[in-house]
Amino acid sequence: MAVNITGWIFFVLFFIYWAIRFILGPQGQGIPLILSGQGWVFLIGFLLVIGVGVYRLCCNFLSPLEAMLPITRKIAAGDLEQRIEVERDDELGILAKHLNDMVDRLRNNIREISGERNKIKAILASLTDAVVAVDQVGRVMFVNPAAEEMLKKREDEVVRKYLLEVIRNHEMDSLAKDILDKGETREAELRLFPTSSRVFKVHGAPITTEQGRIVGAVLSIRDITELRRLEQMRTEFVANVSHELRTPLTSIRGFVETLLEGALEDEKISRRFLTIINSEAQRLQQLIEDLLTLSRLEHQKPEKVVKGASLKETLSRVLEVVGPLAQDKGVELKVELPPDLPLLKFPENFLEQVLLNLLDNGIKYTPRGGSVTVAAEREGSKIRVEVRDTGIGIPKESLPRVFERFYRVDKARSRELGGTGLGLSIVKHMVESHGGTVGVHSQVGQGSTFYFILPIAEGEEGGEGVTRR
């Protein structure tokens, strides 16, 4: 392989060597020759050859470098698509080739890093948990979209700020500092915001280098408010079920023991005791049936509605059942249904049970001389059904909880009237499982209005003749 630069340097040195030998001559007598005409000619020729050689050498070396400078400047600025085109076989050609290889390798590495970064970013963006990363001094480096939603701030508003400036919670700040100091994972349940009752579970882990140096920490924040509420409801449910089952069983056992101890011989007392035992057994049976109904509603798919339910026809059947109860209590039953009411997109047996529960509830808590009214109206593509009573009403603080299992406004009176505390919960599950909504309005001493809203059955949307109140 020809090496031009080395060749030129060798040629110039060789020429200088022989020029010096010629000028000096044998035994160093060449100096006087310089002063002669022949010497001057030779000296000028020598300088011309040296000048041309140096010029050619500089051009051969500097021209490619000048061509490379703009390209290397673009590469340094980040444009890694540039290539140095030097068609040479000498050292400059080898240098250009090595630079191109380095740029290719750097470009591939950056693409791989960018790809991995985009994957990690996509994964973090898809997480429902809030993720906050801080550096070794506690400044925020990154937040994912879930964290932005939680903090109500964009990423560029919180990056490079200290964690305590972003989340003003000293427990959270202490947790992060503990992770950075000790390099160990930590977990805690915190109320991050003083004005909110929401509970968060924070899991933190250190970010370390290959050498084990701690360079930051990542904090995963999950809202567990609903989970804790459900756990509380489950605990209360188990306690309530145990209590509700124990009460009739204790009563039954007590009366049976009394009968066995001799009261059985007294026909009047034994008949009264057996009547109470029968009543408690019926209440126990009703409680178990309601629990099984709730279990089916929660674990089975909603029943497909093949045929819409007629509110008017279903209500007629329900009134036949609750009519005697209302008559015994002296409560008047009223119906305010508009003509040509469309069918409801709701199973008929469900509608019957919903109306039965609401009417039975209204009759039980309405004093003698009061009334219970069933009314309905159309609201767009839905039907609103109301059951209004003139009963004792419900305190304001109890309204949000009346549809909870076993919740009773007056526990003693509810048990006295035979309620299980599950009727309204069953109503809620039935209606909501078919795209409806339930609610209640009430004032103490002025009665209550329970309502449910259900969609109209398919093909019934054009029904007319529905009057609005």
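**A walk through a predicted model**

Arginine 160 is found in the loop between helix H6, residues 155-158, and helix H7, residues 163-166. The phi of arginine 160 is near 75 degrees, a positive value in a residue other than glycine. Most residues other than glycine have a negative phi. Arginine 160 is also exposed, and its relative accessible area is 66%.

There is another case of this kind at aspartate 340. Its phi is near 55 degrees, again positive in a residue other than glycine. Where does aspartate 340 sit? Its place is in the loop between strand S6, which is 332-336, and H12. With 59% relative accessibility, aspartate 340 counts as exposed.

Helix H4 runs over residues 91-126, which gives it 36 residues. From its first C-alpha to its last, H4 reaches 52 Å, close to the 52 Å expected at 1.5 Å a residue. Which residues of H4 are buried? They are Leu92, Gly93, Ala96, Asn100, Val103, Asp104, Arg107 and Leu124.

Next, the salt bridges. How many does a search of the whole structure find? The search finds 24 salt bridges. I will go through a few of them.

One joins arginine 222 and aspartate 129, and the closest N and O atoms are 2.9 Å apart. Are the two partners buried or exposed? Arginine 222 is partly exposed at a relative accessible area of 46%. Aspartate 129 has 13% relative accessibility and therefore counts as buried, the limit being under 20%.

Another salt bridge is made by the side chains of lysine 201 and glutamate 187, at 4.0 Å from N to O. Here too the pair links distant parts of the chain, 14 residues apart: lysine 201 belongs to strand S4, residues 200-208, and glutamate 187 to strand S3, residues 186-190. Lysine 201 is partly exposed, with a relative accessible area of 36%.

Glutamate 257 and arginine 253 both lie in helix H9, residues 225-260, and they are 4 residues apart, about one turn of the helix. The closest N and O atoms of their salt bridge are 3.1 Å apart. Glutamate 257 counts as partly exposed at 37% relative accessibility, whereas arginine 253 is exposed, with a relative accessible area of 58%.

Salt bridges can also join up into a network. Asp178, Lys182, Glu184 and Arg186 are linked in this way.

Let me turn to the nonpolar cores. The largest has 39 residues, and those with the most contacts inside it are Leu311, Phe346 and Phe452. Several elements each supply at least two residues of this core, among them helix H11 (311-329), helix H12 (348-364), helix H14 (423-432) and strand S10 (447-455). Which element gives the most to this core? H12 does, with 7 residues.

Leucine 311 shows some of the contacts. Setting aside residues up to four places away in sequence, leucine 311 touches Leu337, Leu341, Leu344, Leu351, Leu355, Ala376 and Val385. There is also a second, separate core of 24 residues, including Ala147, Leu151, Ile167 and Ala217.

Back to H12, and how it packs on H14. The axes of the two helices come within 9 Å and cross at roughly 145 degrees. H12 passes H14 in a left-handed crossing. On the H12 side the contact is made by Phe350, Gln353, Val354, Asn357 and Leu358. On the H14 side it is made by Gly423, Leu424, Ile426, Val427, Met430 and Val431.

The last stop is isoleucine 277, which lies in helix H10, residues 267-299. At 13% relative accessibility, isoleucine 277 counts as buried. What is isoleucine 277 in contact with, leaving aside its neighbours within four places in sequence? Its contacts are Ile252, Phe255, Val256 and Leu259. Isoleucine 277 and valine 256 are 21 residues apart in sequence, and their C-alpha atoms are 8.0 Å apart in space.

Technical notes:
Residues numbered from 1 in each chain as written. Predicted model: local features only at pLDDT ≥ 70, side-chain atom pairs only at ≥ 80, totals over all residues. Heavy atoms only, no water. Expected span 1.5 Å × (residues − 1). Buried < 20%, exposed > 50% of the residue type's maximum accessible area, 1.4 Å probe, protein only. Core = buried A, V, L, I, M, F, W, Y, C linked by side-chain atoms within 4.5 Å. Contact = heavy atoms within 4.5 Å. Axes fitted to C-alpha atoms, helices over the stretch in contact; angles between N-to-C directions. Left-handed = near helix turned anticlockwise from the far one by under 90°.
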